[in-house]
Amino acid sequence: MQLLHLDSSIQGDTSVTRLLSAAVVERYRQHVGAVAVDYRDLAATPLPHITLPRFGTEAAEAVLAEFVAADILVLGAPMYNFGIPSQLKSWFDHILVAGKTFRYGAGGVEGLAAAKKAVVVLSRGGVYSEGPAAAMEHAETHLRAMLGFIGIDRPQFIVAEGVAMGDEPRRAAIDAALAAVAQVEDASEPAVA
Ligand SMILES: Cc1cc2nc3c(=O)[nH]c(=O)nc-3n(C[C@H](O)[C@H](O)[C@H](O)COP(=O)(O)O)c2cc1C
């Protein structure tokens, strides 16, 4: 079982998504003994923006091949400025490739990565699950769109929100997210979000 673990937070040791993504990977290690983990820190070692000349290069193909080889994707996704970090967007630009992870057929778009599981841990400073800011949520919606486009249409999302609204809301949000990680009984079969 091959697991690809990605972090993209710029906040180092204080990052919520780094804490949570590590907990998810640990969960997999406990439940799926022989899990081999590839790790990519997109903040520490950012990928360049995709460009036309970069498509198909050895470096770009290596990023794609790493994803194609993975059975499980564990994604640490902070909300920065209402969306995902540009470092993480660049990774998606490398793996959403026509003919490799999706194709257009007579019936429209067909995702070619449908066999993969994905667990996304998302952290937001404010509250977007309800209330006036809900319409400004472009992180979870964007991630669901990109993953769904390549066939991963049932990713599990574990969300900590309100983490910038004071110590107590932050603690409560992290505790609830860690509890959600711990409730994944069979981590090889993530619950439907
Ligand atoms: C550059 C930057 C931009 C941010 N933009 C937002 C935002 O638009 N909305 C929000 O609710 N929180 C925002 N935050 C707060 C983060 O969502 C929050 O710190 C979250 O925990 C990020 O995940 P991380 O801790 O893994 O980095 C921002 C934080 C940073 C550092």
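## Nonpolar core

The largest nonpolar core has 32 residues, and those with the most contacts inside this core are F67, L73, L88, W91, F92, I95 and L143. A nonpolar core is here a set of buried Ala, Val, Leu, Ile, Met, Phe, Trp, Tyr and Cys residues joined through side-chain atoms within 4.5 Å, where buried means under 20% relative accessible area, exposed means over 50%, and partly exposed lies in between, with a 1.4 Å probe and protein chains only. The elements that give two or more residues to the core are β1, α2 (58-69), β3, α3, β6 and α4, and the largest share, 4 residues, comes from α3. Helices (H or I, at least four residues) and strands (E, at least two) are DSSP runs, numbered from the N terminus. In soluble globular proteins, nonpolar side chains tend to be buried together.

This is a predicted model, in which local features need pLDDT of at least 70 and side-chain atom pairs count only at pLDDT 80 or more, while totals for chains, interfaces and linings use all residues. Residues are numbered from 1 along each chain as its sequence is written, and side-chain values use heavy atoms, with hydrogens and water left out.

## Ligand surroundings

There are 16 residues around the ligand, of which S9, S15, T17, M79 and S123 come nearest; a residue belongs to these surroundings if one of its heavy atoms lies within 4 Å of the ligand. By class, this shell has 7 nonpolar, 8 polar and 1 charged residues, with Ala, Val, Leu, Ile, Met, Phe, Trp, Tyr, Cys and Pro counted as nonpolar, Asp, Glu, Lys and Arg as charged, and the others, Gly among them, as polar.

On its own the ligand has 610 Å² of accessible area, of which the protein covers 80%, the areas coming from the Shrake-Rupley method with a 1.4 Å probe. The elements that give two or more residues to the shell are α1 (16-31) and β6 (117-124).

## Salt bridges

A search of the whole structure finds 11 salt bridges, each being a side-chain nitrogen of Lys or Arg within 4 Å of a carboxyl oxygen of Asp or Glu. In one of them the side chains of R18 and D7 meet at 3.9 Å, N to O; because R18 lies in helix α1 and D7 in strand β1 (residues 2-7), the pair ties together parts that are 11 residues apart in sequence. Both R18 and D7 are buried. The side chains of E110 and R103 meet in another salt bridge, at 2.9 Å, N to O, and here E110 is partly exposed, with a relative accessible area of 37%, while R103 is also partly exposed, at 41%.

E140 forms a salt bridge with R144, the closest N and O atoms being 3.1 Å apart, and both residues lie in helix α4 (residues 140-149), 4 residues apart, or about one turn of the helix. E140 is buried at 17% relative accessible area, whereas R144 is partly exposed at 34%. Salt bridges that share partners join R124, E137, E140, R144 and E161 into one network.

## Positive phi angles

Most residues other than glycine have a negative phi. N81 has a positive phi, near 50 degrees, although N81 is not a glycine, and F82, likewise not a glycine, has a positive phi of about 75 degrees.

N81 is placed in the loop between β3 (72-78) and α3 (86-95), and F82 lies in the loop between β3 and α3. With a relative accessible area of 73%, N81 is exposed, whereas F82 counts as partly exposed at 34%.

## Separations along the chain

D38, in strand β2 (residues 36-41), is partly exposed, with a relative accessible area of 27%. The C-alpha atoms of D38 and I150 are separated by 20 Å, and these residues are 112 residues apart along the chain.

V109 is found in strand β5 (residues 108-111) and is partly exposed, at 38% relative accessible area. V109 and G151 are 42 residues apart along the chain, and their C-alpha atoms are separated by 9.3 Å.
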